[in-house]
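User: Hi! I'd like a close look at one part of this model, please. Could you take me through it in a connected way?

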Amino acid sequence: MTAEVGSDELARMTAAPRDADLLLQLSVEILGLLNENLAFPDTIQRVVAAIKRRTGFDAVGIRLRHGEDFPYSAQDGFSNEFLLTENTLHGRAKDADICRDERGLPRLECTCGLVLSGQTDPTSSLFTAGGSCLVNRGWDSPGFPGAHNDPRHNPRNRCLHDGFNSVALVPIRAHQRIIGLLQLNDHRLDRFTLESVQFFEGLCAGIGLALMRKQAEEALLTNKAKLELALTSSNMGTWQWDVVTDKRSFDVRTCTLLGIDPTTFGGTAEEFFAAVHPSDREAVKLALRRTLEENPFYETEYRAIWHDGSSHHISARGRCVRDDAGQPLSVNGVVWDTSEYRQMQAALRRSEAMQRAMIANISDAISVIDGNGNNQFKSSSAGKWFGWLPEDVAGTPLWDRVHTEDLERIQAAFKAVVAENGATQTGECRYRCKDGSYKWIEYTATNLLGDPDIAGVLLNYHDITERKQAEEAAREKHAELERFTYSVSHDLKSPLVTIETFLAYLEQDLERNDAVNVAKDFGFIRNAASKMSLLLDELLRLSRVGRMTNPSAEVPLLAVVNEALNLVAGRFAARSVAVEITDQPVLLYGDRQRLVELFQNLLDNAAKFMGEQSTPRVEVGVESAEDGILLYVRDNGIGFEQLHSDRLFGLFERLDPNTEGTGLGLALAKRIVQVHGGKIWSVSDGSGTGATFKFTLAHTRLAKHREGT
Amino acid sequence: MSTGEPLVILLVEDDPAHAEIVRRNLADFRVANRLVHVEDGQAALDYLFRQGRYGDPASSARPHLILLDLRLPKVDGLEVLRRLKEDDQLKSIPTVVLTTSGAESDMVNAYSNGAGSYLVKPVDFTKFTALMEAFGFYWLAWNRFPE
């Protein structure tokens, strides 16, 4: 555009040096203002004031983008009425909605709108190449269409309507975007030249940049404030390692965390690594190196050693910042103290480990089952006692492992427990182990369904099989004692009755001089008395068998049998009983005295029951059985009906009352066998075919070589 | 009181001395009686059921009365009692238990298995004699038996 040169133009040109000076001072002042550390709104206000003051224009204003509009951020000289309508550049339709163009952007009205939207016509004399609007003669300015012609300017262009004859609108740009404009109005004519407008264009470019920078600074400050708050709250420190200069910048918190004095910290690598525990230095260096070379994210843990010698666990994180060529410029990051966290973790781990160890090793097994009886948790101690691993039973119902006979009772108990929060039930039942065997357990069930930490029924139970067995054994012993007492009282009473009665008979018979009966009476009395004596003797022996007074030792079978034979020699000789003993080198193990008694009783018994046998023979032998060595004493005497066999070993049992003996001999033999961990039983084919008494004794074995006696 | 056949009493007693006592007492009795003595439960059953060595009915006259000791060899007294009370032919024979045991359980068992009476052998001789006399009077003098 070429400015028309007129006389006024000439007047302006001659005033140029003065103008230039003025403009220079103005630019200095404004730049100074822009660089001051003022809040943004204040800066704009001051800039406007400075321009107005120095130029003497009637009204100066700066519009800046605010949302979709460009209101005045600052102005000086415009009237309130003017501002009322001119502040907003949006056109509103009849229904008050903002008019928008085909792109959806709001139409900006007035020439300001043109300037702001960058849609100025550079060929028109109204506009400059830089996009500014320049009016010097009001309505009569060259290039200006008549007010009544252009509907776009009607009813706008308040400036001209208000009598401002000189108006300059200069766009303010930042990064090629128009962010606002500078408005200079004056009532006088010819205030502007192309050069002065171009000066203002330059000024506005500077203003634009400065404004952008200011806004960015303010945003940055706000963000910085937020960051500070976050870091302070979390006690994190920030740091930067300038890779190029190898200088470190630590904020106060970082220094504190690392035990470095912030006032004397010089930022050297030596100072930093001096704070790091010697064993951790290599790891830190390696991590830093890796960040620089491959992985942009820096992560490491190390110990910081303070001057007082205390050790603090530090976690560090950071990022590598690179230049356009990818070369590392710096690593920026944060650090924080994890000591407390680690301590808590360690304490927690220890506590957990202790609890786990406790649960794994207690003698009880612990399970938690849900309201339906399904297993939710089982302690590992259960594995020790019952073979079940937690994974074997997880989710399976408890009933699966309860003995069928106890099932109903257990289910009823479970129902009772579940019915009431906190209820407890105790009881016993049989429980199937993993290997299929059953064990008696005593359990306690506690309803903790309402406790959020457990939310189930807590079961603790332990094996009472041994106790039950002991109870059973005690019961049996008691029963045996009862039987024993019963037997004894009867068998002692009987001969007593005899003695008493026959003493009386004796008296009578002596009076009557009935010699035959007297003799008979004496016989009965004597018999009864000796029977009682024998009985008492054997009772004593029986009681002694229970107490193994002698230490167990190995003793050859032959030696034992020979000793026993010595004790029964009389009866054997009287009956001419032949004896046969096995030549197998059998070694017995136990109380020698008792073993001799055992064989003595069996041999005695054999000889006693020879009956009419003309060639009485007793055989002592061994047989091998599947679970060990079987010993036997066989006779060819009267034998017995097999169906009576189990009564043989009973106390005081005698199958034939005519034979002598108290009936204790076999009971004694049985007791001795039992005490030596064995079993005894009798076999006979019936009367007249002899009898065999078979028995086992624990630890009986065959010697490698034949032992002597 | 029958004047014909003597009353047969089966005495099941394993202790020979006690059997002797009973024999001596009843032998003196004015009511004629024949005491058959067996020494164990099996023999008692053999006699009653006429088996074994008592197969010949001539040697095993049906007893009018049974005196039964409880503790017997081979077959227990209670078992004998049970068996004979189960038999239609034998169950009507009155059975008196004569034993040394005064145990409550023995008494209960005896009665529930059909014993008619339960006597405990007194240790005292006078008492035993008195008992036997009373026994004799009651059962042999007063009690009636069918033919």
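How many residues of chain A are in contact with chain B, and how many residues of chain B take part? Please go on from there to the helices of chain A.

Analyst: Happy to! Please keep in mind that this is a predicted model. On the chain A side, 29 residues make the contact, and they meet 28 residues of chain B. Together the two chains bury about 2,500 Å², and carbon and sulfur atoms give 53% of that area. If you want to know where to look on chain A, start with A:Tyr486, A:His490 and A:Tyr505: they supply 22% of the area that chain A buries against chain B, more than any other three residues. Charged pairs are present too, with a count of three salt bridges between chain A and chain B. One of these joins A:Asp521 to B:Arg24, with the closest N and O atoms 2.7 Å apart.

Now for the helices. H15(A) covers residues 465–511 and H16(A) covers residues 515–545; their axes come within 8 Å and cross at roughly 160°. An angle over 145 degrees counts as roughly antiparallel, and therefore H15(A) and H16(A) are roughly antiparallel to each other. The crossing of H15(A) past H16(A) is left-handed. By class, the residues of this contact are 22 nonpolar, two polar and three charged.

H16(A) also packs against H20(A), which spans residues 665–675; here the axes are 9 Å apart and the angle is about 10°. That angle makes H16(A) roughly parallel to H20(A). From H16(A), the contact uses A:Glu538, A:Arg541, A:Leu542 and A:Val545, while H20(A) brings A:Gly665, A:Ala667, A:Leu668, A:Arg671, A:Ile672 and A:Val675. Sorted by class, the residues in the contact of H16(A) with H20(A) are six nonpolar, one polar and three charged.

H17(A), residues 557–567, and H19(A), residues 592–608, have axes that come within 8 Å and cross at roughly 55°. H17(A) is therefore oblique to H19(A), and their crossing is right-handed. Among the residues making this contact are A:Leu557, A:Val560, A:Val561 and A:Ala564 of H17(A), together with A:Leu595, A:Val596, A:Phe599 and A:Leu603 of H19(A). The list also includes A:Glu563 of H17(A), and A:Arg592 and A:Gln600 of H19(A). In total, the contact of H17(A) with H19(A) has 11 nonpolar, one polar and two charged residues.

Methods:
Residues numbered from 1 in each chain as written. Chains lettered and ligands numbered in written order. Predicted model: local features only at pLDDT ≥ 70, side-chain atom pairs only at ≥ 80, totals over all residues. Heavy atoms only, no water. Axes fitted to C-alpha atoms, helices over the stretch in contact; angles between N-to-C directions. Helix = DSSP H or I, 4+ residues; strand = E, 2+ residues; numbered from the N terminus. Parallel < 35°, antiparallel > 145°, perpendicular 65-115°, else oblique. Left-handed = near helix turned anticlockwise from the far one by under 90°. Nonpolar A, V, L, I, M, F, W, Y, C, P; charged D, E, K, R; others polar. Contact = heavy atoms within 4.5 Å. Buried area = accessible area lost by both parts, 1.4 Å probe. Salt bridge = Lys/Arg side-chain N within 4 Å of Asp/Glu carboxyl O.
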